[in-house]
Amino acid sequence: MKHVKPGHTHPVVCLDAGHSGDYNRSPAVPEYYESDMSWTLHLLLKTALERYGIVVKTTRATQDTMLGVYERGAASKGCDLFLSLHSNAVGSDVNDTVDRVMVYVPLDGSGDEIGRLLADQISLIMGTQQKGRIATREGSNGDYYGVIRGAVAVGTVGLILEHSFHTNTQSTHWLMKEANLARLAEEEAVVIAEYFDVPAPDTPVEHGVLYRVQAGAFRVRTNAEEHLTKVKSAGFDAYITSSNENDTLYRIQTGAFRVKGNAEAYLSEVKAAGLDAYITTQAINEPSSEPESYTLKQFILDVQTAVGAAVDGIAGPETLSKVPTISRLVNSTHPAVIPVQKRLYTLGYTQVGNADGIAGSGFEHAVKAFQADNNGEADGEITAGEQTWRKLLELK
Ligand SMILES: [Zn+2]
């Protein structure tokens with residue numbers, strides 16, 4: 001482990017939800033309060049960090065608890081890292097040109113490394129217009145921001161994470177979606193775990209059920225494609241999948257969640273956009289005790305089904321033309337993720353973990369190992385129509 005205090009067997013992180021009560025309403029999206037977002041995100045990040053065995057403290061027991069900024073920073077006494085979670089504002093009106101992740105770090109340089117890593121990763125996930133960066137701000141008695149000053153005073157590396165701007169319409173809409181916050185939390189946890197040199201958890205996911213949100217099913221492919229455009233233009237990620245060969249039905253799939261409440265929250269967002277949608281469930285498979293039982297033929301059938309290709313169990317140019325890019329960052333809940341997880345596991349890349357339908361860090365590690373073994377560039381991404389897909393499908 002790196003960057004931990006002497007005597008710590010696990011990193012200890014203190015999380016601070018930026019503000020209490022209903023605070024900092026967005027001028028762009030009136031339903032958005034910075035305080036709500038930061039409260040939700042800090043709880044999700046706590047769960048994500050704990051999966052790595054990182055010990056997490058929080059500054060306040062409830063969202064309504066008031067505590068001064070300096071005191072919140074100082075509450076991180078004995079911790080290895082303090083993070084105060086926020087979204088930023090420029091002026092009091094809507095400003096759609098400023099869209100940047102800012103990470104405020106202490107003047108002493110102690111937070112530069114983790115600050116840069118987080119700024120880069122959060123920018124990537126949020127897809128902000130400007131590149132993320134770190135910054136310092138000096139006040140009359142050291143660090144300008146009280147939370148950072150309080151953390152530094154008790155010997156903790158203290159950062160403020162500004163998750164872009166709630167004066168920006170697009171970023172505010174993005175932050176309104178709990179599914180996005182869940183993903184943000186998982187990705188921030190990956191960065192923090194790597195900074196501390198904490199290995200990925202052995203059992204990456206719990207068993208249970210995957211909740212998928214489906215927005216329509218069609219007999220005619222062109223109708224499905226038309227509807228897909230509608231769902232996407234309403235701001236939702238969506239894919240077409242087909243059902244089995246005897247009963248071809250093209251389904252529009254949007255969003256997949258391990259937590260039912262998250263799926264329900266997402267469903268209400270889809271419905272609020274005027275789209276018809278419902279939740280379907282799928283059992284999360286435990287790694288098979290007989291990996292050889294998942295055959296290449298079955299894998300091809302499952303992929304063809306997942307991507308809406310002709311389902312014949314023979315991989316050829318048509319199948320290859322339909323497979324999407326899949327990685328931890330792109331299409332991470334695409335229906336093709338499950339067959340790929342099973343295939344990788346069967347091929348011995350057991351770090352992929354359970355076939356849970358969500359491409360996370362275990363998925364990325366497994367893909368990298370598979371690529372390295374197949375003389376490919378180990379970038380962890382299964383790019384549409386390219387080498388990694390060919391190798392997985394055993395196409396020449
Ligand atoms: Zn704030």
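Select Ser-164 to start: with 27 C-beta neighbours inside 10 Å, this residue counts as buried. The model on screen is a predicted one. Ser-164 sits in strand 8. Check its backbone: phi is positive, about 55 degrees, although Ser-164 is not a glycine. Most residues other than glycine have a negative phi.

**Another positive phi**

Go to Glu-394, in the segment after helix 13 (387-393). Phi of Glu-394 is near 55 degrees, again a positive value in a residue other than glycine. Is Glu-394 buried or exposed? Glu-394 counts as exposed, because it has 10 C-beta neighbours inside 10 Å and the exposed class takes in residues with 12 or fewer.

**Helix 4**

Now select residues 146-153, which form helix 4. Six of its eight residues are buried, so helix 4 is largely enclosed by the rest of the structure. Colour the buried ones: Val-147, Ile-148, Arg-149, Gly-150, Ala-151 and Val-152. What covers these residues? The cover includes strand 1 (12-17), helix 2 (69-74) and strand 3. It also includes strand 4 (102-104), strand 7 (142-143) and strand 8. Step past the end of helix 4 to Gly-155, which follows the helix and has a positive phi near 85 degrees.

**Helix 5**

Select residues 169-176 for helix 5, and show Ser-171, Thr-172, Trp-174 and Leu-175, its buried residues. They cover an arc of only 160 degrees around the axis, so they lie on the same side of helix 5. Look down the axis to view that arc. Then bring up the packing partners of these buried residues: helix 1 (34-50), strand 3 (81-88), helix 3 (112-126), strand 8 (157-165) and helix 6 (178-196).

Two packed helices are described by the angle between their axes and the distance between the axes.

On the helix 3 side, show Ile-114, Leu-117, Leu-118, Gln-121, Ile-122 and Ile-125. They meet Arg-183, Leu-184, Glu-187, Glu-188, Val-191 and Tyr-195 in helix 6. By class, the contact of helix 3 with helix 6 has eight nonpolar, one polar and three charged residues.

The axes of helix 1 and helix 6 come within 8 Å and cross at roughly 45 degrees. That angle makes helix 1 oblique to helix 6. This crossing of helix 1 and helix 6 is right-handed. Helix 1 contributes Thr-40, Leu-41, Leu-44, Leu-45, Ala-48 and Leu-49 to the contact. Helix 6 contributes Glu-178, Leu-181, Ala-182, Leu-184, Ala-185, Glu-186, Glu-188, Ala-189 and Ile-192. Which classes make up the contact of helix 1 with helix 6? It has eleven nonpolar, one polar and three charged residues.

*Helix 8.* Select residues 260-272, helix 8, which packs with helix 6 at an angle of about 135 degrees, their axes 9 Å apart. Helix 6 and helix 8 are therefore oblique to each other. Glu-178, Ala-179 and Ala-182 of helix 6 make the contact with Asn-262, Ala-265 and Tyr-266 of helix 8. The residues of this contact of helix 6 with helix 8 divide into four nonpolar, one polar and one charged.

**Two partly exposed residues**

Jump to Glu-225, in helix 7 (residues 221-233). Glu-225 has 14 other C-beta atoms within 10 Å, so it is partly exposed. Draw a distance from its C-alpha atom to that of Val-337, 112 residues apart along the chain: the separation is 21 Å.

Last stop: Thr-280, in strand 12 (residues 278-284). Thr-280 is partly exposed, because 13 other C-beta atoms lie within 10 Å. Which residues does Thr-280 touch, not counting those up to four places away in sequence? Arg-212 and Gln-214. Finish with the C-alpha distance from Thr-280 to Thr-47: these residues are 233 apart along the chain, and 25 Å separates the two atoms.

Notes
Residues are numbered from 1 along each chain as its sequence is written. This is a predicted model: local features need pLDDT of at least 70, side-chain atom pairs count only at pLDDT 80 or more; totals for chains, interfaces and linings use all residues. Helices (H or I, at least four residues) and strands (E, at least two) are DSSP runs, numbered from the N terminus. A residue is buried if 20 or more other C-beta atoms lie within 10 Å of its own, exposed if 12 or fewer, and partly exposed in between; C-beta atoms are placed from the backbone. The arc is that of the directions from the helix axis to the C-beta atoms. Two residues are in contact if their C-beta atoms, placed from the backbone, lie within 7 Å. Ala, Val, Leu, Ile, Met, Phe, Trp, Tyr, Cys and Pro count as nonpolar, Asp, Glu, Lys and Arg as charged, and the others, Gly among them, as polar. Axes are lines fitted to C-alpha atoms, for helices over the stretch in contact, and angles run from 0 to 180 degrees between N-to-C directions. Angles under 35 degrees count as roughly parallel, over 145 as roughly antiparallel, 65 to 115 as roughly perpendicular and the rest as oblique. A crossing is left-handed if the near helix is turned anticlockwise from the far one by less than a right angle, and right-handed if clockwise.
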